[in-house]
Amino acid sequence: MRTFSITGFGVVEVAGQHSYSSQPRPQEQSKIGVGLQEVWCSVEVNLLESKYLNSKAYEPSVLGDAMTALDRVLETTFSLMSNEETAKVAVSLPGKLINIPDDVSLTCTVHLRIIENNKVVYKLSTAEKLDIANKYKNKGVSLYKEGLLHKQVLAFLMFSDAVKWLCMIDPEESKDSPNEVTTLKMQCYNNIALFHLHQHNYRLCISAATTLLSVDGGNVKALFRRSVANTELQNYELATEDLKAALLLDPDNKSVKRQQDVIKKKQKGLTDKYAVAMKKLFS
């Protein structure tokens with residue numbers, strides 16, 4: 001019997017032997033059922049949001065649709081298992097990912113059953129890949145709107161999953177719907193930029209916004225978000241350039257105008273500090 005150990009959303013460590021059984025592994029978006037036994041958790045299970053811990057054995061679920069951190073981690077291990085395999089699973093999660101004060105440790109024995117396996121990626125049509133990407137993007141938006149940190153982390157992962165599926169669409173495949181693919185991808189990058197901005201990951205915000213703007217240079221939201229991130233990094237000239245470009249596209253945008261005032265105040269504060277420092281140096 002194999003043992004899967006995973007910490008956070010990190011790399012899974014696998015111990016033990018798994019003899020070849022000719023049984024398939026579940027593809028993403030497959031319908032699966034799991035039976036959990038010998039469940040031990042460091043906190044009360046009713047404190048955790050988990051469809052797998054709270055549902056009946058082998059109740060159908062779609063692999064990849066997890067809406068909580070714990071279920072997403074569990075699904076990571078399910079995706080590495082074979083049909084009808086039984087394995088031990090050990091999970092460690094920071095409490096902030098599940099909105100409780102304490103970190104969580106969970107161990108259990110899992111039996112995986114594939115109810116209906118999805119097709120392998122190369123057999124999926126462009127429309128099918130688009131449907132999956134759209135589903136992830138919409139789930140991400142729903143999670144993000146809840147306004148809770150642990151939900152927004154999951155939303156970011158959903159947006160990233162959507163981009164992954166969109167990147168698997170070959171340009172030759174998408175001749176009939178190139179605008180739909182591009183539009184959806186850019187929406188996801190814009191949402192990713194917003195997440196990084198709220199998490200103060202300013203360089204990652206700039207990277208995501210720049211990727212979007214390389215395709216859609218007139219995206220006001222992306223210009224604004226990149227400007228805010230550059231402002232926080234004290235790249236005031238770059239931030240101002242983006243705001244000017246945004247105002248040309250949307251002259252009445254109040255958020256952009258407020259950000260211009262923020263930059264002016266920060267630049268004045270920096271100039272005043274420099275003047276004081278120079279005065280002390282030469283006094």
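A nonpolar core is defined here as a set of buried Ala, Val, Leu, Ile, Met, Phe, Trp, Tyr and Cys residues joined through side-chain atoms within 4.5 Å, where buried denotes under 20% relative accessible area, exposed over 50%, and partly exposed the range in between (1.4 Å probe, protein chains only). The structure is a predicted model, in which local features need pLDDT of at least 70 and side-chain atom pairs count only at pLDDT 80 or more, whereas totals for chains, interfaces and linings use all residues. Residues are numbered from 1 along each chain as its sequence is written, and side-chain values use heavy atoms, with hydrogens and water left out.

The largest nonpolar core comprises 77 residues, of which Leu48, Leu70, Leu74, Phe78, Val91 and Leu93 touch the most other members. The most is contributed to this core by helix α4 (residues 149-167), with 11 residues; helices (H or I, at least four residues) and strands (E, at least two) are DSSP runs numbered from the N terminus. When residues up to four places away in sequence are not counted, Val91 is in contact (heavy atoms within 4.5 Å) with Ile6, Leu70, Val73, Leu74, Val104, Ser105 and Leu106.

Asp65 lies in the loop between β4 (61-62) and α2 (69-78) and is buried, with a relative accessible area of 13%. Apart from neighbours within four places in sequence, the contacts of Asp65 are Gln29, Lys51, Glu75, Lys135, Tyr136, Lys139 and Met158.

Ile169 is located in the loop between α4 and α5 (178-198) and is likewise buried, at a relative accessible area of 6%. Ile169 and Ile98 are separated by 71 residues in sequence and by 33 Å in space, C-alpha to C-alpha.
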